[in-house]
Amino acid sequence: KEPKENEEPYETALRQKALFSLGILRNKEILNFSQEKFDEFLKNINADQRRLHADQRRKGMLHPDIKQAVFNNILIANDNHLEQLLEYYQQTSLIEEQNKCLIAFGNLQNLEKLRSIFDFILSSQVRFNQTIFFLGSVSLNSIATKFTFNWLKENWQKLEAKGGGPGKSDFVLIRILK
């Protein structure tokens, strides 16, 4: 489950796919592993805020190669950590980390919670070009397919306006449709 030093790129890719796929299949071992890793990640975030020594912070860090799968899996398992992941999204200034959160949000299995995320992506807290990460992820979520399509129809003009209006937002909107 854990990445190894000097492993081949294909091993890294296979691990990511396996962790995510087994999470979708609700494999208890993988969901428990993801929960443990996310709990360690939260402890490190809190430790970073207290400015511990670098060695202490690194000790339980969530490896970047499995971070996306862990984020996805904790929201596939249940929505208990949605608020913590939203808080992390809002606290980090790293766009790549925000994108990982947006992708994970698309894996929520609670339609009511998903509705709140749809509202969130229309807010000023999410850049227009980042909406594609959430919408691409949620489009693969079987419980949200119909809702997502209807939401897109109802909110197309809001998305277009968020992107700067007709013509300026076309590139991202076309990618969303794909």
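**Core contacts and ring pairs**

Author: Leaving out neighbours within four places in sequence, Leu 135 is in contact (heavy atoms within 4.5 Å) with Phe 118, Ile 121, Trp 151, Leu 152, Leu 159 and Ile 176. This is a predicted model: local features need pLDDT of at least 70, side-chain atom pairs pLDDT 80 or more, while totals for chains, interfaces and linings use all residues. Residues are numbered from 1 along each chain as its sequence is written, and side-chain values use heavy atoms, without hydrogens and water.

Reader: Why is Phe 71 called buried?

Author: Buried means under 20% relative accessible area, exposed over 50%, and partly exposed in between (1.4 Å probe, protein chains only). Phe 71 has 0%, so Phe 71 is buried.

Reader: And how do you know whether Tyr 88 is buried or exposed?

Author: Its relative accessible area is 10%, so Tyr 88 counts as buried.

Reader: What makes Phe 41 and Tyr 88 a pair, and of which kind?

Author: Rings of Phe, Tyr and Trp (its six-membered ring) pair if their centres lie within 6.5 Å; planes under 30 degrees apart are stacked, over 60 edge-to-face, the rest tilted. By this rule there are 10 aromatic pairs. The ring centres of Phe 41 and Tyr 88 are 5.0 Å apart and the planes are at 85°, so this pair is edge-to-face.

Reader: Why is the pair of Phe 71 and Tyr 88 called edge-to-face?

Author: Their centres are 6.0 Å apart and their planes at 75°, so edge-to-face applies. Phe 38, Phe 41, Phe 71 and Tyr 88 form one aromatic cluster.
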